[in-house]
Amino acid sequence: MSTELHPNIESINISKEEIEAIVARMGKQISADYANKNPLVIAVLRGAFIFTADLVRAITIPCSVDFMAVSSYGDGVKSSGVVRIVKDLDTKIEGRHVIIAEDILDSGLTLSYLIDLLGARKPASIAVAAFAVKDVPGKVPAIKPAYVGTHVPNEFIVGYGLDFAERYRNLPYVGILKPEVYS
Ligand code: PRP
């Protein structure tokens, strides 16, 4: 896909080059922290599939990957607060060091739910790697990602896995959607 600005994008928030630098840093941190721990990186589908693919390639120690699909937004703009498991893990996580990879932490409802759910399966540890944390009021306060890629403003952003009505996930940058597209 061309890196030319998509006509429905107002401006680029995180460029392809910035994304590469962010993910490289996160991979380096995780590699240092999890040496000899064989962590299981869990991609939260669908949004995190691109970030996770990049993150695991930036991790230089042995690790495994599994996928969970949850849904919280539907096709709209705002989080509904309802989290639904669409696909569960295939891996048993008891005794494993788990890293949940999320493309974006918004209200924190999704992660709050996932951490409770996975915590009940008795992993050795659970950490969160969030590519982007949206600066919004009223976040679930207990959610503190160990690895944060970057902070984003409270705008409707798409790209690098983030969608609006299932579009724009394939943009190689994170951009702000023009309001006329979703209003
Ligand atoms: C997005 C994103 C996170 C969640 C974050 O997923 O990928 O999983 O919302 O929002 P929260 O912190 O307010 O819970 P979404 O439900 O849009 O599904 P998707 O990953 O398939 O795009």
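The model is predicted: local features need pLDDT of at least 70, side-chain atom pairs count only at pLDDT 80 or more, and totals for chains, interfaces and linings use all residues. Residues are numbered from 1 along each chain as its sequence is written, and side-chain values use heavy atoms, with hydrogens and water left out.

Helices (H or I, at least four residues) and strands (E, at least two) are DSSP runs, numbered from the N terminus. An open sheet is formed by 6 strands in the order S4-S3-S2-S5-S6-S7, with mixed pairing. Two strands pair if DSSP finds at least two bridges between them. The edges are strand S4 (84-87) and strand S7 (147-152). Each has a single partner strand, so one side of each is left without a neighbour in the sheet. From one strand to the next, the twist averages 30°. Axes are lines fitted to C-alpha atoms, for helices over the stretch in contact, and angles run from 0 to 180 degrees between N-to-C directions.

Strand S2 pairs with S3 in the parallel sense, over 6 bridges. Here Ala 43 stands opposite Phe 67 in S3. S2 also runs parallel to strand S5 (residues 97-105), joined by 4 bridges. Val 41 stands opposite Ile 99 in S5. Buried means under 20% relative accessible area, exposed over 50%, and partly exposed in between (1.4 Å probe, protein chains only). In S2, 5 of the 6 residues are buried, so the strand is largely enclosed by the rest of the structure.

Contact means heavy atoms within 4.5 Å. Helix H1 (residues 16-33) packs on the sheet and touches S5, S6 and S7. The direction of H1 makes about 155° with that of S7. Helix H2 also packs on the sheet, touching S2, strand S3 (64-71), S5 and S6. The direction of H2 makes about 130° with that of S5.

A nonpolar core is a set of buried Ala, Val, Leu, Ile, Met, Phe, Trp, Tyr and Cys residues joined through side-chain atoms within 4.5 Å. The largest such core has 26 residues. Within it, Ile 30, Phe 51, Leu 55 and Phe 131 touch the most other members. At least two residues of this core come from each of H1, H2, S5, S6, S7 and S9. H1 gives the largest share, 5 residues. Leaving aside neighbours within four places in sequence, Ile 30 contacts Leu 55, Ile 59, Ile 61, Ile 99, Ala 129 and Tyr 147. Another core, of 18 residues, lies apart from the largest one. Among its members are Leu 40, Val 83, Val 98 and Val 128.

The whole structure holds 5 aromatic pairs. Rings of Phe, Tyr and Trp (its six-membered ring) pair if their centres lie within 6.5 Å; planes under 30 degrees apart count as stacked, over 60 as edge-to-face and the rest as tilted. One of the pairs is that of Phe 51 and Phe 131, which is tilted, at 5.6 Å centre to centre and 50° between the planes. This pair links distant parts of the chain. Phe 51 lies in helix H2 and Phe 131 in strand S6 (residues 125-134), 80 residues apart. Both Phe 51 and Phe 131 are buried. The rings of Phe 131 and Tyr 160 have centres 4.9 Å apart and planes at 55°, so this pair is tilted. Phe 131 in S6 and Tyr 160 in the loop between S8 and S9 are 29 residues apart. Relative accessibility is 2% for Phe 131, which counts as buried. Ring pairs link Phe 51, Phe 131 and Tyr 160 into a cluster.

Elsewhere, the charged end of Lys 37 sits over the ring of Tyr 34, 5.7 Å from its centre. A charge sits over a ring if NZ of Lys or CZ of Arg is within 6 Å of the ring centre and within 35 degrees of the ring normal.

Most residues other than glycine have a negative phi, and most peptide bonds are trans. The peptide bond from Leu 45 to Arg 46 is cis, with omega near 0°. Arg 46 lies in the loop between strand S2 (40-45) and helix H2 (49-58). Tyr 160 has a positive phi, near 50°. Tyr 160 is placed between strand S8 (157-158) and strand S9 (174-177), and counts as buried at 5% relative accessibility. Glu 166 has a positive phi, near 70°. Glu 166 lies in the loop between S8 and S9, and is partly exposed, with a relative accessible area of 36%.
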